[in-house]
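Here is a short briefing to read alongside the structure. Keep the viewer open, and look up each residue as it comes along.

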Amino acid sequence: MKNYFDFKLTGKKLFPIWIAFLVLFIIPYSIIILKMQNIQADDASSLILLPLLFLVMIITFFITFYITKLSIENISYNNESVEFNGKFGKYMGTVLLGLFLTIITLGIYGAWYVRNIYKFFVDNTSYKSNNLQFQGKGGKLFLIMLLAIIIPIVVLTIVMSQFLINNSGSVGLNFIFQIIIFIIAIPYAYFAYKWMVDIKYKEYQISWDTKFWESCGKIAIELLLTVITLGIYYPLAILRLYKYFTQKTCVENNEAKMRLGYDIEQSKDFLFIWGQSLLSIITLGIYYPWAACKIGKRILSKTYLESK
């Protein structure tokens, strides 16, 4: 039996927060970046721009909180609404402490910072008065970042630098570098997503049940099709990966096992997303809240949890 999700957020509700994001972040951030590019090394005005840039980034966290809160509260499953109980003050405390610790540890604390922010949103989400519980560890994410991203990129940079020194003027080196980075990112996406789907709800464990090579191959194929079609295939790539990810997500306890699923309509969904995206582009982003909500509703209303 399939029980479906739904998404009730409307563009009208999201629009004020989206306008705040444009006015308080996009415009000030663009101005600051342009001014910083034109600043001379001994120009004292840079001392003013850096605190302003920090303030703009804090505003981003503020807006992110309310967009996430709205999104969670407008999800429903089997005609029961999901609730979010997180407090803004505790969220900002987590954000500011995490930023401070990440800076003084030269980025090492970043994995625990990401974990704490993600855990805040998961643990404060409830369904039928029962909260979800994220069980992923910061140390595990740190190892994923270290082994799947940081070490390979450092090694690659050293090798490429030596090759460039010994073969000055080599054609296509930058292109090769980007291709290798693209390949490195695929295993990282697999391990990071698997780390994220480690959630407990009551006696149920929510996890991603899949194989490494199978998943990496699926991600690689969809990304490759996106690249060779110059981005035209991108919405379908996202939909096909979403379908794959949901089908591999299990909800189980000692007595029962359920799986998520998605009723994809490839051509219709593809055209719908492209249509909403184009409307956002031609309206210079004004239509974006309506596009995001309509796309979210279309996808979630066809996402289900099926008992086996």
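A residue counts as buried when its relative accessible area is under 20%, and as exposed when that area is over 50%. By that cut-off, buried residues account for 34% of the 308 residues in the chain. Please keep in mind that this is a predicted model.

**The chain overall**

- The chain holds 10 helices and 10 strands.
- Along the principal axes, its C-alpha atoms fill a box of roughly 65 × 40 × 40 Å.
- Take the contacts between residues at least 6 apart in sequence: 68% of them join residues at least 24 apart.

**The barrel**

- How do the strands close up, and in what order? The answer is a barrel of 10 strands, ordered β1-β2-β3-β4-β5-β6-β7-β8-β9-β10, with antiparallel pairing.
- From one strand to the next, the twist averages 25°.
- Helix α10, residues 288-300, packs on the sheet and touches β1 (2-7), β2 (75-77), β9 (257-262) and β10 (303-307). The direction of α10 makes about 175° with that of β1.

**Strand β5 and its two partners**

- As background, strands of a sheet pair through backbone hydrogen bonds, in either a parallel or an antiparallel sense.
- On one side, β5 (residues 130-134) runs antiparallel to β4 (residues 125-127), and two bridges join them. Within this pair, S126 has N131 of β5 as its bridge partner.
- β4 and β5 make a hairpin with two residues between them. In the turn, K128 has a positive phi of about 55°.
- β5 also pairs with β6 (residues 198-201), in the antiparallel sense and over three bridges.

**Helices α7 and α8**

- Two packed helices are described by the angle between their axes and the distance between the axes.
- Which values apply to α7 and α8, in angle and in distance apart? Helix α7 (residues 212-228) and helix α8 (residues 234-247) pack at an angle of about 165°, and their axes are 8 Å apart.
- Because angles over 145 degrees count as roughly antiparallel, α7 is roughly antiparallel to α8.
- The crossing of α7 past α8 is right-handed.
- From α7, the contact is made by E214, S215, K218, I219, E222 and T226. From α8, it is made by Y234, L236, A237, R240, L241, Y244 and F245.
- By type, the residues of this contact divide into seven nonpolar, two polar and four charged.

**Positive phi in two loops**

- Most residues other than glycine have a negative phi.
- N79 is not a glycine, yet its phi is positive, at about 70°. N79 sits in the loop between β2 and β3 (80-84).
- Is N79 buried or exposed? N79 has a relative accessible area of 75%, so it is exposed.
- L106 is another residue that is not a glycine but has a positive phi, in this case about 55°. The loop that holds L106 lies between α3 (88-104) and α4 (110-123).
- L106 counts as exposed because its relative accessible area is 80%.

Note on methods:
Residues are numbered from 1 along each chain as its sequence is written. This is a predicted model: local features need pLDDT of at least 70, side-chain atom pairs count only at pLDDT 80 or more; totals for chains, interfaces and linings use all residues. Side-chain values use heavy atoms; hydrogens and water are left out. Two strands pair if DSSP finds at least two bridges between them. Helices (H or I, at least four residues) and strands (E, at least two) are DSSP runs, numbered from the N terminus. Axes are lines fitted to C-alpha atoms, for helices over the stretch in contact, and angles run from 0 to 180 degrees between N-to-C directions. Contact means heavy atoms within 4.5 Å. Angles under 35 degrees count as roughly parallel, over 145 as roughly antiparallel, 65 to 115 as roughly perpendicular and the rest as oblique. A crossing is left-handed if the near helix is turned anticlockwise from the far one by less than a right angle, and right-handed if clockwise. Ala, Val, Leu, Ile, Met, Phe, Trp, Tyr, Cys and Pro count as nonpolar, Asp, Glu, Lys and Arg as charged, and the others, Gly among them, as polar. Buried means under 20% relative accessible area, exposed over 50%, partly exposed in between (1.4 Å probe, protein chains only).
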